[in-house]
Amino acid sequence: MRDGAASITAQRVAAHRLTFERVPASYGDPEADEKLARDVAGSLRGGEGGMVAYLAARTSFFDRIVVRAIDAGMRQVVIAAAGYDGRALRYAKAGVRWFEVDHPDTQRDKRARLERLAMDTSNVSFVPADFNVDDVASGLSAAGHDRDLASLFLVEGVAVYLDRAVLESLLRGLRTAAARRSRLAISLSVDSGAAGLSTRRATFQRAVAAMGEPARTVLTPDDAEALFVATGWQVAPSADPRSDAAQSERLERARRAGLVVVEPTA
């Protein structure tokens, strides 16, 4: 990110999401989410290609995680590097508190837009944090997050932009704030060695570097496992005891794509 400016990649993700099919729920205000995204996107338009297909799959993955968690009774949702994510609007439900943690520059711009659009954010606590220097756990606590209550943590689309040490610090901070039965969903840039993926990753890295937001952390599958162990997390089993072979395969494909759900280690 450029100092003093909102994240450009976050703005582009908002534009792309306007073209994606989203996971439905029996609660919330999808139109409010889309209204915010249209305001953020401005003249930007969603594109096509492998990277956009990945973003659509990633968005669907995190949508499903959120809806399943809320339907199962989760009452705290924390979004790290929230950007212009509108899930607190789209999936708003009475009794569920959302905590949006983000860089002050991007968060300031988002809050100004929400106020101008007269959006109801009474269910959201905003936590300004620069992951390079700020203690995320302390920020969440000051904002009213209850560390004794299970939470869903979302870390979508940010890990690749953080130095490895900063990413580890973020995950440790979220672990400090995580009660038993919490879950953390994260998207990682994982290099499996597949030629096609490597080519698309190189194209992505050139594009984001040109925007001033370079990719910093690409992991191997072994690196990802070590990252979780070092920061107090472990891969969570499927939440559905009826999970069949097809569901297991979907989870495995997601993990190969760097979309992982973890839980606190004991």
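A residue is termed buried when its relative accessible area is under 20%, exposed when it is over 50%, and partly exposed in between, as computed with a 1.4 Å probe on protein chains only. By this criterion Ala118 is exposed, with a relative accessible area of 66%. The structure is a predicted model, in which local features need pLDDT of at least 70 and side-chain atom pairs count only at pLDDT 80 or more, whereas totals for chains, interfaces and linings use all residues. Residues are numbered from 1 along each chain as its sequence is written, and side-chain values use heavy atoms, with hydrogens and water left out.

The chain comprises 10 helices and 7 strands, assigned as DSSP runs and numbered from the N terminus (helices: H or I, at least four residues; strands: E, at least two). Of its 266 residues, 48% count as buried. With contact taken as heavy atoms within 4.5 Å, residues 24 or more positions apart account for 80% of the contacts in the chain with a separation of 6 or more.

Strand β7 (residues 259–264) is mostly covered, 6 of its 6 residues being buried. Strand pairing requires that DSSP find at least two bridges between the two strands. Strand β5 (residues 183–187) pairs with β7 in the antiparallel sense over 4 bridges, and strand β6 (residues 233–235) pairs with β7, also in the antiparallel sense, over 3 bridges. Val262 of β7 is the bridge partner of Leu184, and Val235 likewise stands opposite Val262.

Helix α7 (residues 164–176) contains 13 residues and reaches 18 Å from its first C-alpha to its last, close to the 18 Å expected at 1.5 Å a residue; the expected span is 1.5 Å times one less than the number of residues. The buried residues of this helix are Val166, Leu167, Glu168, Leu170, Leu171, Gly173 and Leu174. They pack against β1 (76–80), α6 (136–142), β4 (152–155), β5, α9 (221–231) and β6. Within helix α9 is found Leu227, which counts as buried because its relative accessibility is 0%. Leu227 touches Arg164, Leu167, Glu168, Leu171, Leu188 and Leu219, residues up to four places away in sequence not being counted. The C-alpha atoms of Leu227 and Glu168 are separated by 7.0 Å, although the two residues are 59 residues apart along the chain.

Grid points are joined across faces, edges and corners, and a volume is the space filled by probe spheres set on the points. The largest cavity has a volume of about 50 Å³, and its lining consists of Leu36, Asp85, Gly86, Ala88, Leu89, Glu100, Lys110, Leu114, Thr121, Val124 and Phe126. Two or more lining residues are given by each of α4 (87–90), α5 (104–116) and β3 (124–128).

Positive phi values occur at two alanines, as follows. Ala81, in the loop between β1 and α4, has a phi of about 55 degrees although it is not a glycine; Ala81 is buried, with a relative accessible area of 18%. Ala118, in the loop between α5 and β3, has a positive phi of about 60 degrees.

Definitions and conventions. On a 1 Å grid over the protein atoms alone, a cavity is a set of points where a 1.4 Å probe fits but cannot get out, and a pocket is an open set with protein on both sides within 12 Å along at least five of seven lines; lining residues have an atom within 4 Å of a point.
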